[in-house]
Amino acid sequence: MNNATLGVRELRDGLSRHLAAVRDDGVEITVTDHGTPVARITRIVSESGVERLLREGLARAATAPREPLPDPILTAGIVSDLVADQRG
């Protein structure tokens, strides 16, 4: 991705051209006002929440498939047996 720094006047004078560069080429523009950065123009990318978390380093992708959790109904037994166990 290319980066560009433009003053407000330069951005205004070539706005359509600069927005096309952002959209088509992924250019990221930092806008300055009297030499001070005040804004950043970037391409909007459709990504899922998970993709965003991965990109920002707030989550990691799984390295192996997860084992399914056991079904509590199937592993607990028959209800009448559970009641009998509770009664002693």
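Thr30 lies in strand E2, where strands (E, at least two residues) and helices (H or I, at least four) are DSSP runs numbered from the N terminus. The model is a predicted one, in which local features need pLDDT of at least 70 and side-chain atom pairs count only at pLDDT 80 or more, while totals for chains, interfaces and linings use all residues. Residues are numbered from 1 along each chain as its sequence is written, and side-chain values use heavy atoms, with hydrogens and water left out.

When residues up to four places away in sequence are not counted, Thr30 touches Ala4, Thr5, Leu6, Pro37, Ala39 and Arg40, a contact being heavy atoms within 4.5 Å. Thr32 also lies in strand E2, and Thr32 is buried as well, with a relative accessible area of 11%. Again leaving out residues up to four places away in sequence, the residues that Thr32 touches are Thr5, Leu6, Gly7, Val8, Pro37 and Val38. Strand E2 as a whole, residues 28-33, is mostly covered, since five of its six residues are buried.

An open sheet of three strands has the order E1-E2-E3, and its pairing is mixed, where two strands are said to pair if DSSP finds at least two bridges between them. E1 and E3 stand at the edges with a single partner strand each, so one side of each is left without a neighbour in the sheet. From one strand to the next the twist averages 30°, with axes taken as lines fitted to C-alpha atoms (for helices, over the stretch in contact) and angles running from 0 to 180 degrees between N-to-C directions.

The two pairings can be followed residue by residue.

E2 and E3 form a hairpin with two residues between them. His34 has its place in the loop between E2 and E3, and phi of His34 is near 55°, a positive value in a residue other than glycine. His34 is exposed, with a relative accessible area of 79%.

Nonpolar side chains make up another part of the picture. The largest nonpolar core has six residues, namely Leu6, Leu11, Val22, Val27, Ile29 and Val31; such a core is a set of buried Ala, Val, Leu, Ile, Met, Phe, Trp, Tyr and Cys residues joined through side-chain atoms within 4.5 Å. One of its members, Val27, is in contact with Asn2, Ala4, Ala21, Val22 and Ile41, leaving aside neighbours within four places in sequence.

Counting a salt bridge as a side-chain nitrogen of Lys or Arg within 4 Å of a carboxyl oxygen of Asp or Glu, the total comes to six salt bridges. In one of them Arg40 is paired with Glu28, the closest N and O atoms being 3.4 Å apart. Arg40 lies in strand E3 and Glu28 in strand E2, so the pair ties together parts that are 12 residues apart in sequence. Arg40 is exposed, with a relative accessible area of 57%.

Elsewhere, Glu47 forms a salt bridge with Arg55, and here the closest N and O atoms are 2.6 Å apart. Glu47 counts as partly exposed at 30% relative accessibility, whereas Arg55, at 54%, counts as exposed. The side chains of Arg52 and Glu56 also meet in a salt bridge, at 3.1 Å from N to O; Arg52 is partly exposed at 36% relative accessibility, and Glu56 is partly exposed with a relative accessible area of 40%. Through salt bridges that share partners, Glu47, Arg52, Arg55 and Glu56 are joined into one network.

Note on methods:
Buried means under 20% relative accessible area, exposed over 50%, partly exposed in between (1.4 Å probe, protein chains only).
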